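These are my notebook entries on what I looked up in this structure, taken in the order in which I went through it.

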Amino acid sequence: MAVFNRVESSRKIENAIYDETVLAGDGWMHELKPGQTLRIIDVEGNQAADTLFFDAENPEDHYSAVSTIANQGNIYLSTGTVLLSQSGKELVKIVADTCGRHDTLGGACSAQSNTVRYAHDTLPMHNCRDTFMLQLSKYDSRYTKRDLAPNVNFFMNVPVTPSGGLTFNDGVSAPGYYVEMEAINPTLVLISNCPQLNNPCNDYNPTPIRLVIWDSL
Amino acid sequence: MSYIWKQTIPAGGKWSGRIGRGKSVTFTAQESGANASLLLYNAYDLTERYNMPDTLKAQHTAHLTKGHVLMSDNGRVFASITADTTGWHDTISGYTTRSFTQQKYGASTYQESRNAWRRNGEENFSMELLRNGLTTRDLVPNLNLFSKVYCDEEGNMNFVSSHCKKGDFITLRTEMDLLFVLSNTPNPLDPSKTYPSVPIEITVDEAAPVSSDDYCLNFRPENKRAFENTWSYDLLLGNKTLSTI
């Protein structure tokens, strides 16, 4: 039986400095200063918040899924996980998490991967990598497709079996569940609130997320 | 074994080069306990690269062996695994860095150890990427040929030390023209206290075209659609496809 690591936060929404809802299919890009804390709330449950991180002082240094999981010797992200960049720099640390487990092996959907996973006629559908590219193109002209590394899927449950299988399970998150991360170094956060309409994990119903930020205590 | 090209990469060594489509590329462990860290890029569009999540997700697997294909971020098949004597290759453990290598195996400099100094994956990749017009910005999750890393029910990653035997091999059939970037450096999760990298031999030969009964093509319906994407790409470029279908 899998262990889930659920840790509640003592932070109050009324003390936050930022509070915004991002609808399914929309993107968000924002810089966190060291000590600031970002809470991502799964408003209606079983939504996937596809998230990438960049070193704000060196935008070419992106989040590394493999460095992050090999560093802790465990493939799941939860309270205590330090998210590392490709160069090994500490970007953010997960400090609270009522969902208990998040995926970083499954990556983001794209038009091209949709044709492989579902059917060729899904090519025109909206997808996370398009959202990532639109946000990057608006934020800073230095960013290109080269900066799209494999991301975190907050609220997604993608268990790996000892025999090397990989499955997609639902039922881990629920309305109001959240994950909180504190910036260790200046970090750019890029989110695609997933618009996936082909995946039973979200009951074929993408829903909003809410983003709340607190200054350092 | 016949071949049109052969190269041995010593422990700690590196190699990069373009290998055209329709080739069989065989990596053979010259001793037990090999690990070869590998990155793949489209030879003519270096922004298209091996994509670990797309590869794993589409084939519902967390390990790689015969039948699996290596997918790019553009929904195409880069290469197919047509032969494998180990049953498991890792793609979730990443590569070593200089500080990690020094911490684990002790500091070593070229000044002191000459060519026996302990090299690391990040620096080997960095040099070969720059040689090919890329930078560390282009580093993404890599393949670790010959390494087995499995996860228990809690997600803890376990390295299997006795996995790779001397003479074990894996053959990749290239489905597109590819840039290979290889670092023969240890898997980061290898618990061995001594620097364990061993020589790897690479041989390249012509591969037979993909036929309708091809094992990798028929491994999953997702694989067939990824092959179809690759063949469309070839036709649009004006290339003849390498399939007989």
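**Second largest pocket.** I looked up the second largest pocket and found a volume of about 260 Å³, bearing in mind that this is a predicted model. Its lining counts 24 residues, and those that lie nearest its centre are Arg129(A), Lys145(A) and Leu148(A) from chain A together with Asn51(B) and Asp73(B) from chain B. When I asked which elements supply at least two residues each of this lining, I noted helix H3 (128–139) of chain A, and in chain B strand S5 (45–49) and helix H1 (52–59). By class, I recorded twelve nonpolar, seven polar and five charged residues in the lining of the second largest pocket.

**Largest pocket.** I then turned to the largest pocket, where about 450 Å³ of space lies. Here 21 residues form the lining, and I wrote down Ser67(A), Asn71(A), Leu84(A), Thr97(B) and Phe100(B) as the closest to its centre. Helix H1 (65–72) of chain A and H2 of chain B each supply at least two residues of this lining, which by class divides into seven nonpolar, eleven polar and three charged residues.

**Cavities.** How many cavities of 30 Å³ or more does a search of the whole structure find? I noted four. The largest cavity holds about 210 Å³ of space, and of the 21 residues that line the largest cavity I listed Ala48(A), Met156(A), Cys194(A), Gln196(A) and Asn199(A) as the closest to its centre. I classed the lining of the largest cavity as nine nonpolar, eight polar and four charged residues.

For the second largest cavity I recorded about 70 Å³ of space. The residues lining the second largest cavity include Arg98(B), Thr101(B), Gln102(B), Trp117(B), Arg118(B) and Glu123(B).

**Contact between the chains.** I next looked up the contact between the two chains, which takes 45 residues from chain A and 47 residues from chain B. The area buried between chain B and chain A is about 3900 Å², and carbon and sulfur atoms give 54% of that area. On the chain B side, I found that Lys57(B), Arg137(B) and Arg225(B) lose the most area to chain A, and that together these residues account for 22% of what that side buries.

**A sheet in chain B.** My last entry concerns an open sheet of six strands in chain B, for which I wrote down the order S1-S13-S3-S11-S7-S6, with antiparallel pairing. The edge strands are strand S1 (5–9) and strand S6 (69–71) of chain B, each of which pairs on one side only, and the twist averages 20° from one strand to the next.

Within this sheet I followed strand S7 (residues 77–84) of chain B, which is joined by five bridges to the antiparallel strand S11 (residues 169–174) of chain B. For Ala83(B) I looked up the bridge partner in S11(B), and noted Thr171(B). Lying across S6, S7 and S11 of chain B I found helix H5 (residues 221–237) of chain B, which runs at about 130° to S7(B).

Terms used:
Residues numbered from 1 in each chain as written. Chains lettered and ligands numbered in written order. Predicted model: local features only at pLDDT ≥ 70, side-chain atom pairs only at ≥ 80, totals over all residues. Heavy atoms only, no water. Pairing = 2+ DSSP bridges. Helix = DSSP H or I, 4+ residues; strand = E, 2+ residues; numbered from the N terminus. Axes fitted to C-alpha atoms, helices over the stretch in contact; angles between N-to-C directions. Contact = heavy atoms within 4.5 Å. 1 Å grid on protein atoms, 1.4 Å probe; cavity = no way out; pocket = protein on both sides within 12 Å on 5 of 7 lines; lining within 4 Å. Points joined across faces, edges and corners; volume = space filled by probe spheres on them. Nonpolar A, V, L, I, M, F, W, Y, C, P; charged D, E, K, R; others polar. Buried area = accessible area lost by both parts, 1.4 Å probe.
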